[in-house]
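Biologist: Please pick one part of this model and take me through it closely. Then place it in the rest of the chain.

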Amino acid sequence: MTSRKGTISVNTNDIFPIIKKWLYSEHDIFLRELVANATDAITKRATLARTQNQEIPTGKITVSVDKAAKTISIEDNGLGMTEAEVEKYIAQLAFSGAEEFVQKMKSEGNTPGNDIIGKFGLGFYSAFMVSSRVEVESLSMNAGSTPTKWVCEGETDYTFEASTKSDVGTKITLHINAESEEFLNAWKVSSTLKKFCDFMPYEIFVKDAEAKEESAHPGVINETQPIWKKDPSTLKDEDYKEFYRKQFPMDGEPLFWIHLKVDHPFTLDGVLFFPKLNPNKPFNESNIKLYNKQVFVSNNVKDIVPEFLSLLKGSIDSSDIPLNVSRSSLQGDPNIKKISNYVIKKVAESLKKLFNNDRARYETIWEDIQLFLKYGAISDNKFDEMMRDFVIFKNSDNKYVTLKEYTASIPEAYKTKMEGKVLYFEKGKSDYALRRELLSQGLQALETESYIDPHFTQHVEFTKLGDATYKFVSVDSEIASLLEQDATTDSDIKVKDLFTDILIGKTENKTEEEEDLDSLNHGGLKDIEIVKIKNSKAPAYFKVDEQMKRMNQMAKNMGNDSMFPVKKTLVINPGSPLIQNALKLHEKGNDALVKKIAHHVEDLAHISSEGLKHEDREAFVARTQELMQELTNLAL
């Protein structure tokens with residue numbers, strides 16, 4: 001054939017600079033676009049072949065890299081194009097051939113399904129981001145067709161030339177420009193294709209012209225049948241674990257997984273894994289990959305997967321997610337919310353099923369999944385409604401219970417006093433002696449941790465679901481009102497005055513600011529109280545105002561732990577033999593020893609609750625040694 005020239009149909013001569021600089025944020029996306037177009041061409045050929053009773057060849061895409069010639073070619077065995085079709089689908093910029101093909105098949109009474117990837121004619125032009133010249137050679141599957149060759153050098157002018165192509169399909173050759181020579185590397189091309197095309201439905205081969213003859217056979221770089229496209233009933237646990245290992249090789253085994261599969265009212269396939277969280281490893285928000293018909297789109301799924309589920313890992317594939325021209329960012333659409341709600345529902349259903357069918361397994365992995373559940377309950381109303389009854393806590397007996405189970409466990413004698421209340425203690429920061437006192441009366445308390453639980457418990461208190469109401473109260477602030485007390489005597493008042501003088505000092509004539517300063521200088525100790533719990537041997541414990549405790553926890557979580565210094569009350573049990581002996585020694589005039597005992601009682605209360613700070617340990621050791629020495633001297 002003779003050469004023929006034409007001009008690309010666009011409204012401005014500036015279209016190519018726009019494509020090269022602004023159409024795509026990442027230049028390596030050109031490989032995804034061209035391979036996606038090749039995939040469409042193969043799918044179209046298979047669809048037409050079925051309607052025409054023709055043989056359907058096995059789909060194949062070959063990407064060849066020739067560093068010496070400075071070219072990359074993408075060749076497929078799809079339906080190919082005639083010269084007129086090349087001019088229509090390529091020369092008329094932004095014409096969507098995929099869209100027209102789908103409509104044409106529907107008008108003929110055939111439904112091509114959801115296998116056509118392309119929706120935007122601009123995808124082909126991503127080639128000009130990295131090329132100074134692009135050549136398209138194509139031979140249509142239509143009987144009697146002749147091959148054609150289209151050439152464009154990054155301007156609106158193009159040329160049709162004769163082609164020697166003998167196989168049905170299309171070959172696109174990119175003459176790589178000087179700024180993009182990094183792509184003239186087979187490893188770079190392979191890794192880019194692995195990133196974007198790892199699960200394309202047809203085999204993709206990468207061929208390196210520089211490779212030695214014996215190793216020049218191209219290798220398949222993709223897996224054509226990803227796990228989420230398979231029937232879950234045909235898969236074993238090991239299949240999911242193997243897929244997870246390939247995707248996240250640095251992780252251990254996932255805790256469990258959810259296979260998503262729906263085709264109405266939208267299409268969605270996927271697998272989401274609950275990973276074992278590593279507190280020493282930074283959180284990565286890009287662990288869920290979004291695909292559109294097996295073409296990688298993005299790892300930014302915040303509009304599809306709610307933030308609390310971004311802790312999960314895996315893949316989501318949907319043809320109903322609206323994409324912009326570069327297939328790399330989401331646009332507002334009702335389907336997005338529907339898909340998000342579906343994912344939330346499936347996650348909740350899977351967790352509830354595990355709880356009901358294998359409670360032991362649920363409890364085993366609770367430490368790793370509790371952040372998902374509690375964060376989800378706080379941030380999403382629907383998830384909260386589905387999952388609140390399945391949030392569990394360890395009780396004083398180290399057994400897991402739900403809030404409803406906790407309420408049911410309250411002894412009948414305490415039902416009135418405990419109505420609507422939930423006793424809790426902070427992990428690593430609570431006096432075991434107090435919990436033991438409560439347990440002796442059959443009263444359990446729930447263990448909380450400092451990161452998520454202050455937010456979750458407050459959420460439960462203020463967001464009522466059903467008839468149940470809950471008010472979380474700490475063991476130290478509530479124990480005195482729960483357990484029976486002996487009447488306070490004059491002797492008990494003397495104990496309070498004695499310990500106040502030693503540990504706080506005289507408070508008469510001090511302003512509130514001076515008292516607050518003294519409190520800070522005494523490790524937060526603000527006041528001394530007397531509580532005479534019956535049959536209790538514990539000498540003392542610390543009590544902190546509930547509201548102040550919560551404010552402090554919130555501040556710490558925001559990195560402002562110095563903003564809300566905690567003021568503590570040391571609660572003395574005058575019925576303790578140690579406290580009684582201290583009072584007797586004081587009445588005998590041995591105040592030097594009493595002072596050491598008073599400080600030791602305070603130290604023990606610190607150790608029993610949250611422990612001593614590093615800077616206080618040296619003083620504690622010194623005081624303890626002095627006390628032991630004096631006591632042993634008395635015994636000799």
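Modeller: Buried means under 20% relative accessible area, exposed means over 50%, and partly exposed lies in between (1.4 Å probe, protein chains only). Helices are DSSP runs of H or I with at least four residues; strands are runs of E with at least two, and both are numbered from the N terminus. The model is predicted: local features need pLDDT of at least 70, side-chain atom pairs count only at pLDDT 80 or more, and totals for chains, interfaces and linings use all residues. Residues are numbered from 1 along each chain as its sequence is written, and side-chain values use heavy atoms, without hydrogens or water.

My pick is helix 9, residues 366–379. Its 14 residues reach 19 Å from the first C-alpha to the last. That is close to the expected 20 Å, where the expected span is 1.5 Å times one less than the number of residues. Its buried residues are Trp-366, Asp-368, Ile-369, Gln-370, Phe-372, Leu-373, Lys-374, Gly-376 and Ala-377. An α-helix has 3.6 residues a turn, so residues three or four places apart point the same way. In helix 9, Ile-369, Phe-372 and Gly-376 are among the buried residues.

Now the whole chain. It has 20 helices and 22 strands. Buried residues make up 49% of its 636 residues. Take contacts (heavy atoms within 4.5 Å). Of those between residues at least 6 apart in sequence, 72% join residues at least 24 apart. The chain exposes about 31,500 Å², and carbon and sulfur atoms supply 48% of that.

Helix 2 is another element to look at. It covers residues 29–51, and its 23 residues reach 33 Å, close to the 33 Å expected. Here 20 of the 23 residues are buried, so helix 2 is largely enclosed by the rest of the structure. Asn-53 follows helix 2, with a positive phi near 55°.

Asp-492 is a buried acidic residue, at 2% relative accessible area. It sits in helix 15, residues 490–503. Leaving out residues up to four places away in sequence, Asp-492 touches Ala-487, Ile-530, Lys-532 and Pro-574.

Next, charge pairs. A salt bridge needs a side-chain nitrogen of Lys or Arg within 4 Å of a carboxyl oxygen of Asp or Glu. The count is 25. Lys-421 and Glu-478 meet in one of them, at 2.5 Å from N to O. This pair links distant parts of the chain, 57 residues apart: Lys-421 is in strand 17 (residues 421–426) and Glu-478 in helix 14 (residues 475–482). Lys-421 is partly exposed at 24%, whereas Glu-478 is buried at 9%. Asp-389 and Lys-404 also pair, at 3.3 Å. Asp-389 lies in the loop between helix 10 (381–387) and strand 15 (392–394), and Lys-404 in helix 11 (residues 403–409), so the pair ties together parts that are 15 residues apart in sequence. Arg-133, Glu-135, Lys-149 and Glu-153 are linked in a network of salt bridges.

Cys-152 is buried at 1%, and Cys-197 is buried at 0%. A search of the whole structure finds zero disulfides, meaning pairs of cysteine sulfur atoms within 2.5 Å.

Last, the end of the chain's helix list. Leu-634 lies in helix 20, residues 614–635. It counts as exposed, at 54% relative accessibility.

Terms used:
Accessible areas come from the Shrake-Rupley method with a 1.4 Å probe; for residues, only the protein chains shown count as cover.
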